[in-house]
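Hello,

Here is the structure for you to look over. My notes on the model follow below it.

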Amino acid sequence: MSRVARQLKFFNKISSTTLESQIILNAEKYSGLNLTFQCQNHNGHMGARKFWREFMPTLQFYNPQLHFQVTRVKNDDKKNASVPCVLEILDREGQSVGSLDMRNKQGAEIMQSLLAEVDHVKVAEEDIVKL
Amino acid sequence: MLSRVRTKVNALVNRNQTRCLQVFPRLSAEEASNSTTSKLSKDQLKKREIRRLAQRKAAARRAASDHPLYMPVDKALRFLRAAEVGQPQSQQTLSLTTAVISERGAPLLSGNLSFPNALKEVKVAVFTNDEDQAKLAREKYNCHLVGGTELVEQIKSGQTAVDFDKSFATPEIASTLASQLGRILGPRGLLPAAKKGTVSDNLESLLEGSMASLPFRQRGNSVSVAVGKCSFSDKQMLENLVAAQKGVKTALANQKAKRPSLLGQTTLTSTHGPGIVIDFA
């Protein structure tokens, strides 16, 4: 695969091939999402990281006015399970209106529960950017 | 750097050839015919260099919009912001890289850029033993570091960190600076020198003209500058890009080369994101 083809694949992954997160959140209700999880995978934090890496670029691409913040906490101690692994949904004033526990869930599962939680519409077929 | 490698390679090739010629003249001829890159003769290397320059020139003449990775700036920014999602603010820097195609032996492209939307405050250091000048730099222009011989000593011993982006000096301290701090400031391009126009009796005129601008210089075959943050709006980014374009064009016009250099492919990229070709020329 050439350098250009690889790059195009990367762009398409953001804009057109990640189907689940091609949604537009209701901008009148929400101002963004706040994620908090560990840098390390232990104690069930891997799904949160995968969700961030795989689904959030597409979310940001179709919701440019929203702010997504990721806070990662360093924790090398495997016995210490006190680090939260949560996704907070923020309203217009920046107050939390809902939260999801991401612990021990896979990235796709987190995406599904987010879809069930928030008010959204699918991106129209003609608005999807394909390269 | 490349040229140094090439001379080394050349020397190796020459030595090999002479040794082979004495022992197996035929074998060396065979080797030369199915040669790999490291076994090219001096002549071939020269030809290759000319060929590559021609290729790069031809590539520079092609329109940016023909490239498969070309995008208009607003779309490029949308992709870059998406790729950069969730990263800490301080790491979301957008930068611009332009290929420079210049003749052999042309001086490196360098100049100053002043952005309408500043990325950060420009930190200026002023070296002088003249009290009046020092006072002026401190009070009127609010420079980051101002001092004379004692400041030189502090930097040399590592007490004061080298965290400024620019430096100026008066002539009486310039030679001390070069001998004491040449090793520290030289590689970073921060050493004041008369040739660069950063040493003068009248610091006021120097400071006046360049307080808000940031220096850039060519590294290898490209010029790379940080132009913004992901948090900038599209309008702010465009303003900065236009300013960068203006600065680079001015530097090109002022370059003291026999033939003017060309600007090649320009990419806009972010810290963690992909590079996207944009129209710059």
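First, a term: a residue is buried if 20 or more other C-beta atoms lie within 10 Å of its own, exposed if 12 or fewer, and partly exposed in between, with C-beta atoms placed from the backbone. Because Asn104(A) has 12 other C-beta atoms within 10 Å, Asn104(A) is exposed.

Some ground rules. This is a predicted model, in which local features need pLDDT of at least 70 and side-chain atom pairs count only at pLDDT 80 or more, while totals for chains, interfaces and linings use all residues. Residues are numbered from 1 along each chain as its sequence is written, and chains are lettered from A and ligands numbered from 1 in the order in which they are written.

**Two loop asparagines**

Asn104(A) sits in the loop between strand 5 and helix 3 of chain A. Helices (H or I, at least four residues) and strands (E, at least two) are DSSP runs, numbered from the N terminus. The phi of Asn104(A) is positive, about 55°, although the residue is not a glycine. Asn43(A) also has a positive phi, near 60°. Its loop joins strand 2 (30-38) and helix 2 of chain A. Asn43(A) counts as partly exposed because it has 19 C-beta neighbours inside 10 Å.

**Helix 2 of chain A**

Of its 17 residues, 13 are buried. A kink of about 45° lies at Phe55(A), shortly before Pro57(A). The bend at a residue is the angle between axes fitted to the seven residues ending there and the seven starting there.

**The sheet**

Four strands of chain A form an open sheet in the order 3-2-4-5, with mixed pairing. Two strands pair if DSSP finds at least two bridges between them. Strand 3 (67-73) and strand 5 (96-101) each have a single partner strand, so one side of each lacks a neighbour in the sheet. Strand 4 (residues 86-91) pairs with strand 5 in the antiparallel sense over five bridges. Glu88(A) stands opposite Ser99(A) of strand 5.

**Chain B against chain A**

How many residues of chain B are in contact with chain A? There are 10, and they touch 16 residues of chain A. Contact means that the C-beta atoms, placed from the backbone, lie within 7 Å. The chain B side has seven nonpolar, one polar and two charged residues. Ala, Val, Leu, Ile, Met, Phe, Trp, Tyr, Cys and Pro count as nonpolar, Asp, Glu, Lys and Arg as charged, and the others, Gly among them, as polar.

Best wishes

Definitions and conventions:
Contact = placed C-beta atoms within 7 Å.
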